[in-house]
Amino acid sequence: MAQWVLQCNPTRWRIYDFFAAGHELTSWTVTRHVQQAGPGDLFALWVTGRPGGVVALGEVTDTAVPAAEMADEDDDGYWTDVADRGRDRYVLPVRITRLFLHDPLPRDVLSADPRFAAAAVLREPGSGNLFAVTDDEWAALHEQLDGRALAGTTTADGAGAEQVLRRRLFGTRGEALCALCGDVYPVGLLRAAHIKKRAACTEVERRDLGNVAMAACVMGCDALYEAGYLTVDASGHIVTAAGPHPRAVGQRLEQLARRRTAAHNAATEIYFAWHRDNTFLDGPAARQATAPPTA
């Protein structure tokens, strides 16, 4: 499976009018990589101009054929120049899976991402469709889209936020490692747990998909971390609250104490530091809350 960018110049083909009229996009004009694209490939639809950027995602449904073999009156009626409509070309059958025409992922956001900055659509915008996309570029594009969706969700939409993070943490895997206890569980028994409470995250932090969350199992680790019974110190080791604790809680904490978590690194430390200071039961915020008032 390959990934592609399909580029549209709205001054040559009236894409906004096309969708406003209720048409369904079923094909796209291509002039290169004709033999490489095929069913199951994925694409991002890119509009040129300002602000420009990605306005849709979709998949290729068949191999490209000469335009003469696939008449599409809906498509042809939106060319602004008859000469463009009549040129020799190939047509690639496609299907849109996600359309956000009036809320594009801006060109400037993608060009500022070092993983996407060298993408063919940015380096050679006049080369013609198709534009090949590397795995890293495709991952960057999706993370920017997911980050935007995550930043836009409200506290009431926490389930939607977790789904975005779950895709980032687990992908299509059936099992994964709990970052705290180190045991492997089916992903259904793992949470995409915010290292720093989501409600306290800035918009930039919510979009930091690779660092703001970790996998935590529902067999105790997620709840104990969320409630502040344990935290992770600056060296990446689990530290537990002093107690006293109920017997079952104390036993679980003893099992976890001093373990090193793979989720800790230089990029995640800022989030773990917030948890130590604000959520951990032996942290500064908890001590201040329980301190007797001063005269």
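I began with glutamate 269 and arginine 276 in this predicted model, and I found that glutamate 269 is buried and that arginine 276 is buried as well. Their side chains form a salt bridge, with an N to O distance of 2.5 Å. I then searched the whole structure for such pairs, and the search gave 12 salt bridges.

Next I turned to arginine 115, where I asked which residues are linked with Arg115 in a network of salt bridges. The network contains Asp113, Arg115, Glu143 and Arg168. Within it, I looked up the pairing of arginine 115 with aspartate 113, whose side chains meet at 2.9 Å, N to O. Is aspartate 113 buried or exposed? I noted that aspartate 113 counts as buried because its relative accessibility is 6%, where buried means under 20%. Arginine 115, by contrast, has a relative accessibility of 36% and therefore counts as partly exposed.

I also looked up glutamate 143, which forms a salt bridge with arginine 115, and there the closest N and O atoms are 3.0 Å apart. Because glutamate 143 lies in helix α6 (residues 135–152) while arginine 115 lies in the loop between α4 (107–112) and α5 (120–123), I recorded this pair as one that ties together parts 28 residues apart in sequence.

My next entry concerns asparagine 129, which I located in the loop between α5 and β8 (131–133). I then checked what surrounds asparagine 129: leaving aside neighbours within four places in sequence, it is in contact with Val5, Leu6, Gln7, Trp28, Thr29, Val30, Thr31 and Arg32. For glutamine 7 I noted a further detail, namely that its backbone nitrogen lies 2.5 Å from a polar atom of the asparagine 129 side chain.

How many cavities of 30 Å³ or more does a search of the whole structure find? The search finds 1 cavity of that size, and I recorded the volume of the largest cavity as about 40 Å³. Its lining consists of His194, Ile195, Lys196, Lys197, Tyr225, Glu226, Trp274, His275 and Thr279. I sorted these lining residues into 3 nonpolar, 3 polar and 3 charged. Helices α9 (221–227) and α11 (269–278) each supply at least two residues of this lining.

Conventions:
Residues are numbered from 1 along each chain as its sequence is written. This is a predicted model: local features need pLDDT of at least 70, side-chain atom pairs count only at pLDDT 80 or more; totals for chains, interfaces and linings use all residues. Side-chain values use heavy atoms; hydrogens and water are left out. On a 1 Å grid over the protein atoms alone, a cavity is a set of points where a 1.4 Å probe fits but cannot get out, and a pocket is an open set with protein on both sides within 12 Å along at least five of seven lines; lining residues have an atom within 4 Å of a point. Grid points are joined across faces, edges and corners, and a volume is the space filled by probe spheres set on the points. Helices (H or I, at least four residues) and strands (E, at least two) are DSSP runs, numbered from the N terminus. Ala, Val, Leu, Ile, Met, Phe, Trp, Tyr, Cys and Pro count as nonpolar, Asp, Glu, Lys and Arg as charged, and the others, Gly among them, as polar. A salt bridge is a side-chain nitrogen of Lys or Arg within 4 Å of a carboxyl oxygen of Asp or Glu. Buried means under 20% relative accessible area, exposed over 50%, partly exposed in between (1.4 Å probe, protein chains only). A polar contact is a pair of N or O atoms within 3.5 Å; within protein, one must be able to donate a hydrogen and the other to accept it, and residues adjacent in sequence count only if both atoms are side-chain atoms. Contact means heavy atoms within 4.5 Å.
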